[in-house]
Amino acid sequence: MDQAIYFDYAATTPTKKEVVDEMLPYFTTNFGNPSSVYSIANKSREAVLTAREQIAKAIHAKDDEIFFTSGGTEADNWAIKGVAENYQSKGKHIITSKIEHHAVLHTCEYLEKQGYEVTYLEVDEDGLISVEALKNAIREDTILITIMYANNEIGTIQPIKEIGQIAKENGVLFHTDAVQAIGTEAIDVKEYNIDLLSMSAHKLYGPKGIGALYIKKGTKMKAYIHGGTQERRRRAGTENVPAIVGFGKAIKLAYNNREDNNKKLITLRDKLISEILDKVPYSRLNGHQTKRLANNVNISFEFIEGESLLIMLDMKGICASSGSACTSGSLDPSHVLMAIGLPHEKAHGSLRITLGDRNTEEDVDYLLEVLPDIVKRLRDMSPLYEDFIKKS
Amino acid sequence: MDQAIYFDYAATTPTKKEVVDEMLPYFTTNFGNPSSVYSIANKSREAVLTAREQIAKAIHAKDDEIFFTSGGTEADNWAIKGVAENYQSKGKHIITSKIEHHAVLHTCEYLEKQGYEVTYLEVDEDGLISVEALKNAIREDTILITIMYANNEIGTIQPIKEIGQIAKENGVLFHTDAVQAIGTEAIDVKEYNIDLLSMSAHKLYGPKGIGALYIKKGTKMKAYIHGGTQERRRRAGTENVPAIVGFGKAIKLAYNNREDNNKKLITLRDKLISEILDKVPYSRLNGHQTKRLANNVNISFEFIEGESLLIMLDMKGICASSGSACTSGSLDPSHVLMAIGLPHEKAHGSLRITLGDRNTEEDVDYLLEVLPDIVKRLRDMSPLYEDFIKKS
Amino acid sequence: MYTEKVMDHFSNPRNMGELENASGVGTVGNAKCGDIMRIFLDIDNNIVKDVRFKTFGCGAAVATSSIATELVKGKTVEDALKVTNKAVMDALDGLPKAKVHCSLLAEEAIHAALWDYAQKNNIEIEGLEPPKEDIHEHEEEDDE
Ligand SMILES: Cc1ncc(COP(=O)(O)O)c(C=O)c1O
Ligand SMILES: Cc1ncc(COP(=O)(O)O)c(C=O)c1O
Ligand code: FES
Ligand code: FES
């Protein structure tokens, strides 16, 4: 990617070279359909088995609890619509939070139109749900709690273990969208009482277009995409063998080096946070200080707008992201920043920096060098800032 | 794939080297998320646009009528469930055929459980539906005709233009599963009045895990997979950029060389058909003689069972497929072979050979050399053949 | 998919063919799901002296027939009766889950041939039941 410094690993990651190399033979040489009888298809079949094992191991699941999907979005759709459909005789109430990814939120909204009831839990100013509020929200007809593991914008990590405990005690299924957590967090689906968990490979240096849903043994879940008998009749469609192989390899690499990687990320993250807050007035950190993904920095700068900030950073060769409405493709700024209580203007002026394997301390220093000037330039342009200065 | 001769191109194709080469930069270099603001994501965005154009051009559609999916199965699910959901106020009746792919049939069966009514049209002994029967099946409340372009087992090509005409005259939407036809057949969605058309890249030397649904402008179709705003809000999930690029390249290559490729395939196909029928007694061709995919050979051998045949061929280094129950993973032999009127035992003894770019005349000669002996050996082992010989 | 043993018995089936004037012949299976197995037994002095098979079925069906003939050859009628589908599978180092039913066919075919022998000779073999009509179904994997 030219000379640009990539700081948007939460949007997507480059596929690691070792991962691509592992995938390549499955495009042109071992390309057989795993469902075929002849022996050359054994290689595809075995490759899928190996990847399934690698993924299961990473989250302490059993191999036959892993079902491949086309990504995190499909996994979320399947988990939620699947429980809704297969447990509707028990009830039609679902609990989620206000800061879920759209793959969860829009699926819940879709279900509301189908006659389901959804409770959207509030979060506090750090982005944490309240376990008390969760307990109170559970009803006789609650069939599912779906709360994300860690938030993609502000990096806040939810009290997953407590949520799993509450779900279990109340006989309610627990789904978690772990798309952002997987690869950096230590996840144990058994210990945490997770019934369903969504993953996506392209967030952990694997390929795009492949994900998985963990489905705890014994959960009633029928296919969401109907057709052939693949994935033990639960997900039809010719298996995406190269991508599955890449997913397996990527997750293995991630968990083999998790602690070292995280140490490095956290150092860079904390340096960025403290120095930005220090160097730029009227800025604040979004998300929890410690219950936070190792690679996430999210800071709001008052009086400026995110898209303009991103373009100026881009002109300096820096790739980042924002919760501004102008970048969101929708009318409103980030629903996550609104939910943690930011007023519109502050939500607009947010900057998300998500770190990854290619980032160095020099990258961070460079960002720290150019950012304060850019913010200043935009503030000088801002009528809001003018008003503020005049008032004070 | 070692030295094996691959004759199962209808199951999946190897990804062409040129296609893989085109994909590679999008894994590690131009890996940006197309939804991002910064300029390095332009490359991903533009690559997706180009592929969309290439695909649209191949079927004479407009760019904004192409929506990427994770494969042919998802496209079929979306097309059928989408029409069902979005047109239910008009009616709940769907017409399909008995020889559709399971991605269509099982989706229709699912909808039957949801209160829809489905008419499964019979086919004649060549696998063709009757347009008269189709006309008669249309009712006031019919919302969709879904008939496959060409069959994956017996290669029969349906009278798509007539079906489109009938659908149009009756104000009913027409979906066609063109997964097997695309790449070898000349398809014009406008001329044929097709409203929805499913495609899958891995059947035309593109990668697995990517497909598309053509949705004619003006068709009411909401998202089936909910989440982000990708694919103009109709298909959520981070775009699978490398696979999309590969799909575009593959379809372009296929249509640039379609006529030459087909000529070669048809020569090999017709040689195989005539010589097998000639050399092996008690054998018959399945599917239509001329309204047939350029690369499809499907022959039944009485008194023998398909899986054993496939294993023996495999031991000779030949990869092929069968409609036998023992290979189908389900209770019955191929529903397609049953629908064209084969009795169970004959359906069991079917062999499908599907040709592709790596096949040569020598491959065909080799198959013709080993096949008759293998059939003979299996017949010597067969109690059914014993009974037949004793009776006659 | 298959073990080496299965492939060996598939590619070099033992005792394939017919026996003229067999003491007992048993045919089991159901053309509907693809499998028909026929076993010919030559029994002399209560000992299986010779055995042949013919099979219409998958690789596993052929291999199980082949190994079953080896397992019963030379055994007494009583011991031949004890050749179960599990013994057949073990002798083949296992079968894929979806193919377990094919090994049942071998057990049933032997029983049917023994039954035929018993009928022809008007004797009763302890523990032998008359062959069932449809001996098995392909079990579908349940999705919990
Ligand atoms: C928390 C979260 N959930 C779901 C998704 C969707 O994943 P995918 O784009 O692989 O469908 C994403 C990323 O886009 C995410 O960050
Ligand atoms: C006619 C037909 N429709 C649909 C499909 C499903 O496509 P995919 O495996 O890409 O999901 C296939 C191939 O498996 C097919 O041959
Ligand atoms: S100001 Fe232009 S999109 Fe917000
Ligand atoms: S004989 Fe049909 S599966 Fe074994």
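**Exercise 1. Decide whether B:D141 is buried, partly exposed or exposed, and describe its salt bridge.**

Step 1. The model is a predicted one, and the relative accessible area of B:D141 in it is 24%.
Step 2. Buried means under 20% and exposed means over 50%, with partly exposed in between.
Step 3. B:D141 is therefore partly exposed.
Step 4. The salt-bridge partner of B:D141 is B:R139, and their closest N and O atoms are 2.9 Å apart.
Step 5. B:R139 has 32% relative accessibility, so it counts as partly exposed.

**Exercise 2. Classify C:D50 and C:R52 by accessibility, and give the distance in their salt bridge.**

Step 1. C:D50 has 18% relative accessibility and so counts as buried.
Step 2. C:R52, at 22%, counts as partly exposed.
Step 3. The closest N and O atoms of the salt bridge between C:D50 and C:R52 are 2.9 Å apart.
Step 4. For the setting, chain C has 144 residues, and buried residues make up 53% of them.
Step 5. The secondary structure of chain C comes to 5 helices and 3 strands, in the order α-β-β-β-α-α-α-α from the N terminus.

**Exercise 3. Find which elements of chain A are linked by the salt bridge between A:E22 and A:K249.**

Step 1. A:E22 and A:K249 form a salt bridge whose closest N and O atoms are 3.6 Å apart.
Step 2. A:E22 belongs to helix α1 (residues 17–23) of chain A and A:K249 to helix α9 (residues 241–256) of chain A.
Step 3. The two residues are 227 residues apart, and the pair links distant parts of the chain.
Step 4. A:E22 is partly exposed because its relative accessibility is 36%.
Step 5. A:K249 has a relative accessible area of 21%, so it is partly exposed.

**Exercise 4. State how many salt bridges the structure holds, and list the residues of one network.**

Step 1. Over all chains there are 58 salt bridges.
Step 2. One network of salt bridges links B:E386, B:D387 and B:K390 with C:E18, C:R38 and C:K54.
Step 3. As background, side chains of opposite charge can pair when their charged atoms come close.

**Exercise 5. Check whether A:D188 has a salt bridge or none, and locate a polar atom that lies by its side chain.**

Step 1. A:D188 sits in the loop between β6 (173–177) and β7 (196–200) of chain A.
Step 2. A:D188 is buried.
Step 3. The nearest side chain of opposite charge belongs to A:K190, 7.4 Å away.
Step 4. A salt bridge requires the nitrogen and oxygen atoms to be within 4 Å, and A:D188 has none.
Step 5. A polar atom of the A:D188 side chain does lie 2.9 Å from the backbone nitrogen of A:E191.

**Exercise 6. Work out which chains form the site of ligand 1, and describe its shell.**

Step 1. Ligand 1 is surrounded by 14 residues, the closest being A:T73, A:D177, A:S200, A:K203 and B:T238.
Step 2. These surroundings include residues from chains A and B, so the site is shared between chains.
Step 3. Helix α4 (residues 72–86) of chain A gives the most to the shell, with 3 residues.
Step 4. By class, the shell has 2 nonpolar, 9 polar and 3 charged residues.
Step 5. Oxygen atoms of ligand 1 lie 2.6 Å from a side-chain N or O atom of A:T73, 3.1 Å from a polar side-chain atom of A:H202 and 3.4 Å from a side-chain N or O atom of A:H101.
Step 6. Of the 390 Å² that ligand 1 exposes when taken alone, the protein buries 93%.

Conventions: Residues are numbered from 1 along each chain as its sequence is written. Chains are lettered from A and ligands numbered from 1 in the order in which they are written. This is a predicted model: local features need pLDDT of at least 70, side-chain atom pairs count only at pLDDT 80 or more; totals for chains, interfaces and linings use all residues. Side-chain values use heavy atoms; hydrogens and water are left out. Helices (H or I, at least four residues) and strands (E, at least two) are DSSP runs, numbered from the N terminus. Buried means under 20% relative accessible area, exposed over 50%, partly exposed in between (1.4 Å probe, protein chains only). Lys and Arg count as positive and Asp and Glu as negative; His and the chain ends are not counted. A polar contact is a pair of N or O atoms within 3.5 Å; within protein, one must be able to donate a hydrogen and the other to accept it, and residues adjacent in sequence count only if both atoms are side-chain atoms. A residue is near a molecule or strand if one of its heavy atoms lies within 4 Å of it. Accessible areas come from the Shrake-Rupley method with a 1.4 Å probe; for residues, only the protein chains shown count as cover. Ala, Val, Leu, Ile, Met, Phe, Trp, Tyr, Cys and Pro count as nonpolar, Asp, Glu, Lys and Arg as charged, and the others, Gly among them, as polar.
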